[in-house]
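Okay, thanks for making time, everyone. Let me put the model up on the screen, and then I'll walk you through what I found in it.

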Amino acid sequence: MLSALVLVGCGAEKVSQYPPAAEPAVSPPLAAPPAGHLVALGGQPEGVAVDPDTGIVAVALRGPPRIALLNESGATLRDVAVAGAARHLALAGPGGPLLVPEESIGRLQAVSLGSGRIVAEVRTGRGPHDAAVLGGSWFVGDEFANTVSVIRNGVLADTFPVAVQPGGLAAAPGDRVAVVAVRERVLELYSASTFRRVAQVSAGVGPTHLVCSGVPAGGFCYVADTAGDALLIFALAPALELVRRLYLPGGPYGIAMDPRRRTLWVTLPGLNQIVELSARGWSTGVVHRWPTVAQPNSVAVDRTTGRVFVAGRTSGALQIIDPD
């Protein structure tokens, strides 16, 4: 069985043999006013990231492609034009730069949060979808190339193969990169230094995104099983293992972690809700539910203030929630 898994992960089987990847649930009409306050942006907002040092909030807008840089109150600081649309954003570190995977043109751009200038521009594999940062390296999942591109010092340093259609990426404890293959439906761990796969397990019915944490002891990865209406909780030690499936109806999709408060935020586009959970490994549970804007596909949280930012794609709005 192990050898079969390795062959599949290396592309021995045709992509067409796997069912399509999960997509976010289509939001129904709003049943309740969104919590917090809204900032009208237009342009189909999708990815969102917030810098804990400066408080700058970055939102990826798809129509036309650009990055809106805002303060934490939602006031626009500047717009940055980009050539390709992005669905996810990441930070290279506190203070930036902002990493923008332009999936429509196969390129990653790094944007200065202070000036809005492009400070790096790197060709990746086809369909760069998400990014994670470990030890100064930027890891970019190339969704339609079945690879991860590794960028160091602003240049492409390496590429390694992963399972079919990498979606969410995250830094994991132990100098590892966690990758969710949304079409092959597996969670994989790779060494961030050797790029060798060190673990692989099945990951639900239709996984999409994930976050990982070093606490509780040994660490956990939390995977949104969008098609399975569940949050999958994987222990990382002593071996990668699914330890709990937490039922979350509404197609869990966007996911973010506040490590300081040990809380997890998961959007439910099928219900126009966001769920606050305690991030406690196998004992993770729902703390509170908040009504959101329509089509809440992405979420970010400021670990300094605890403020939460939700991008509503069809509503064209950024929702700002102060949970305390």
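By buried I mean under 20% relative accessible area, with exposed being over 50% and partly exposed in between, using a 1.4 Å probe and protein chains only. A quick word on what you're looking at: this is a predicted model, where local features need pLDDT of at least 70, side-chain atom pairs count only at pLDDT 80 or more, and totals for chains, interfaces and linings use all residues. Residues are numbered from 1 along each chain as its sequence is written, and side-chain values use heavy atoms, with hydrogens and water left out.

Back to the rings. I pair rings of Phe, Tyr and Trp (the six-membered ring for Trp) if their centres lie within 6.5 Å; planes under 30 degrees apart are stacked, over 60 edge-to-face, and the rest tilted. That rule gives four aromatic pairs. One of them is phenylalanine 160 with phenylalanine 195, which is stacked, at 5.1 Å centre to centre and 10° between the planes. The two sit 35 residues apart, and the pair links distant parts of the chain: phenylalanine 160 is in strand 13, while phenylalanine 195 is in the loop between strand 16 (186–191) and strand 17 (197–202). Strands here are DSSP runs of E, at least two residues, and helices are runs of H or I, at least four residues, numbered from the N terminus. Phe160 and Phe195 also belong to one aromatic cluster, together with Phe139 and Tyr190.

While we're in strand 13, proline 161 is there as well. Proline 161 touches Asn146, Thr147 and Tyr190, not counting residues up to four places away in sequence; contact means heavy atoms within 4.5 Å.

Now the bit I expect questions on: which cysteines form a disulfide? My cut-off is a pair of cysteine sulfur atoms within 2.5 Å, and the count comes to one disulfide. Cysteine 212 and cysteine 221 form it, with their sulfur atoms 2.1 Å apart. The link is right-handed, with 100° about the S-S bond. Cysteine 212 is buried at a relative accessible area of 14%, and cysteine 221 is buried at 0%.

Let's look at the strands around that link. Cysteine 221, in strand 19, is the bridge partner of cysteine 212. Strand 18 and strand 19 run antiparallel, joined by six bridges; for two strands to pair, DSSP has to find at least two bridges between them. They form a hairpin with six residues between them, and glycine 218 in the turn has a positive phi of about 95°. Strand 18 is mostly covered, with seven of its seven residues buried.

Cysteine 221 also turns up in the largest nonpolar core, which has 20 residues; those with the most contacts inside it are Ala178, Leu187, Leu210, Cys221, Phe234 and Leu240. A nonpolar core is a set of buried Ala, Val, Leu, Ile, Met, Phe, Trp, Tyr and Cys residues joined through side-chain atoms within 4.5 Å. The largest share of this core, three residues, comes from strand 20. Apart from this core lies another one, of 16 residues, among them Leu264, Val266, Leu268 and Ala279.

Last topic, charges. I call it a salt bridge when a side-chain nitrogen of Lys or Arg is within 4 Å of a carboxyl oxygen of Asp or Glu, and the count comes to 11 salt bridges. Arginine 62 forms one with glutamate 103, the closest N and O atoms being 3.6 Å apart. Here too, distant parts of the chain are linked: arginine 62 is in strand 3 (residues 57–62), and glutamate 103 is 41 residues apart from it, in the loop between strand 7 (98–102) and strand 8 (107–111). So are these two buried or exposed? Arginine 62 and glutamate 103 are both buried. There's a network here as well, in which salt bridges link Arg62, Arg87, Glu103 and Glu143.

Glutamate 102 has a salt bridge too, with arginine 107, at 2.8 Å between the closest N and O atoms. Glutamate 102 counts as buried, at 0% relative accessibility, and arginine 107 is buried at 12%.
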